[in-house]
Amino acid sequence: MGESEKDSLPLYYIILALFMAFFGVVGNGMVFFLICSRRRLQVVGNYFVASLAAADLLVGLFLPSFFIVCNVWSACDIVTYNMFFNLFTLVSIASLFVMTVDRYISIIFPFRYPSHATTTRIFAAITASWVLPALFSFSPLFWMFSSSEYVKTTAKKVHAFIVITTFEVVPTVVMPTMYAHIFRTARRHARQVEAHKTQLEYNSTHSEVPKRTVNLVNLEMLTTTGKKMSSASQAPASAGERKPDGSSIAVLGSVIGLFVLCWSFDTVISFCNKLELCVTNDHLFRIADLMIFLNSAINPLVYALLKKDIKKELRSLCIGIRNKDTKESA
């Protein structure tokens with residue numbers, strides 16, 4: 001990744017890159033604005049979404065346009081561009097990874113989550129998802145000015161292997177595995193809840209105990225269950241986090257699926273090129289770049305269509321704008 005060279009860009013690349021950049025900036029900017037401005041959206045899960053949206057916003061805002069400019073401007077330093085390409089894309093991957101880990105812990109270990117997911121740890125994880133990619137992205141500065149070609153070549157290969165393995169191969173394998181576990185656990189919980197509701201309905205219908213007594217017993221059972229589950233829904237209390245619903249799980253699955261789809265091709269050709277395992281060409285790298293830009297541009301569409309809280313606030317914002325325009329025109 002980030003091995004772009006100065007060559008003549010085909011027209012299709014320029015058009016598609018600018019198109020994706022536009023929608024990436026508008027979409028991710030809107031998501032970031034909603035989370036920052038709407039108090040109802042300021043919950044733990046959405047902090048990770050905001051971090052991912054900010055990273056994708058930077059991808060759309062700088063990478064496509066800067067690369068096109070570098071292609072026609074001879075004074076542009078392509079090495080510097082590659083460093084920032086790595087920075088923004090690696091931050092996007094790291095943000096998605098920590099969001100997946102957070103949702104995994106909250107669903108698989110709901111009773112441990114409140115004690116572990118403190119505000120300090122949450123923001124430490126988000127900070128790490130920005131700092132670590134920055135360290136990896138700018139580490140070539142330590143050897144790029146070396147007088148030894150052997151040192152530069154060896155360091156470049158080692159660095160490429162570590163970056164690709166850490167930020168592409170591992171997330172591509174680990175995140176779908178975690179999501180599969182999340183999905184199975186959520187389905188099992190849903191079946192248990194449905195079975196419990198069915199049993200309560202059956203008992204209230206067929207039991208010889210007076211209906212009022214049955215209702216009191218059911219109320220006591222539900223109250224006890226609620227008390228047991230309350231600790232799992234206070235993560236942390238100041239952030240107002242709630243237990244993830246079906247829409248959050250659907251969003252996570254969609255975003256992970258898009259990541260795997262869009263990044264797998266880049267992973268393969270990056271290994272081939274940087275480790276000199278096979279022959280690649282500029283056309284393949286252009287396709288890989290476009291798939292990465294597409295990944296950053298399409299994530300906001302997933303939030304708008306599948307994430308209930310963001311969808312609700314977006315609809316409210318649109319209605320407010322429309323009502324304001326109607327009043328002004330009247």
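**Close-up views of a predicted helical chain**

Read along the sequence, the protein chain follows the pattern α-α-α-α-α-α-α-α-α-α. The model is predicted, so local features need pLDDT of at least 70 and side-chain atom pairs count only at pLDDT 80 or more, while totals for chains, interfaces and linings use all residues. Residues are numbered from 1 along each chain as its sequence is written, and side-chain values use heavy atoms, with hydrogens and water left out.

**View 1. The whole chain contains 10 helices and zero strands.** Helices (H or I, at least four residues) and strands (E, at least two) are DSSP runs, numbered from the N terminus. Of the 330 residues, 42% count as buried, a term for residues under 20% relative accessible area; exposed means over 50%, and partly exposed lies in between (1.4 Å probe, protein chains only). An unreviewed UniProt entry lists "transmembrane region" for residues 12-35, 47-69, 81-101, 122-146, 158-182, 249-271 and 283-306. UniProt positions are given in the numbering used here, feature names are shortened, and annotations may be inferred rather than shown by experiment.

**View 2. Helix H1 covers residues 11-37.** This helix has 27 residues and reaches 39 Å from its first C-alpha to its last, close to the 39 Å expected at 1.5 Å a residue; the expected span is 1.5 Å times one less than the number of residues. Over residues 12-35 the chain is 100% helix and 0% strand, with 34 Å between the end C-alpha atoms. The buried residues of H1 are Tyr13, Ala17, Met20, Ala21, Gly24, Gly27, Asn28, Val31, Leu34 and Ile35. An α-helix has 3.6 residues a turn, so residues three or four places apart point the same way.

**View 3. Helix H1 meets helix H9 (residues 282-306), their axes coming within 8 Å.** The two axes cross at roughly 25 degrees. Axes are lines fitted to C-alpha atoms, for helices over the stretch in contact, and angles run from 0 to 180 degrees between N-to-C directions. H1 and H9 are therefore roughly parallel to each other; angles under 35 degrees count as roughly parallel, over 145 as roughly antiparallel, 65 to 115 as roughly perpendicular and the rest as oblique. H1 passes H9 in a left-handed crossing. A crossing is left-handed if the near helix is turned anticlockwise from the far one by less than a right angle, and right-handed if clockwise.

**View 4. Helix H2 (residues 44-72) and helix H3 (residues 78-108) have axes that come within 9 Å.** They cross at roughly 160 degrees, which makes H2 roughly antiparallel to H3. The crossing of H2 past H3 is left-handed. By class, their contact has 21 nonpolar, five polar and three charged residues. Ala, Val, Leu, Ile, Met, Phe, Trp, Tyr, Cys and Pro count as nonpolar, Asp, Glu, Lys and Arg as charged, and the others, Gly among them, as polar.

**View 5. Helix H5 (residues 119-138) has an axis that comes within 10 Å of the axis of H2.** The crossing angle is roughly 15 degrees; H2 and H5 are therefore roughly parallel to each other. H2 passes H5 in a right-handed crossing. Over residues 122-146 the chain is 68% helix and 0% strand, and the end C-alpha atoms are 39 Å apart.

**View 6. Thr119 and Ala134 both lie in helix H5.** Thr119 counts as partly exposed because its relative accessibility is 33%. Its C-alpha atom is separated by 8.3 Å from that of Val44, 75 residues apart along the chain. Ala134 is partly exposed, with a relative accessible area of 24%. The C-alpha atoms of Ala134 and Met83, 51 residues apart along the chain, are separated by 8.9 Å.
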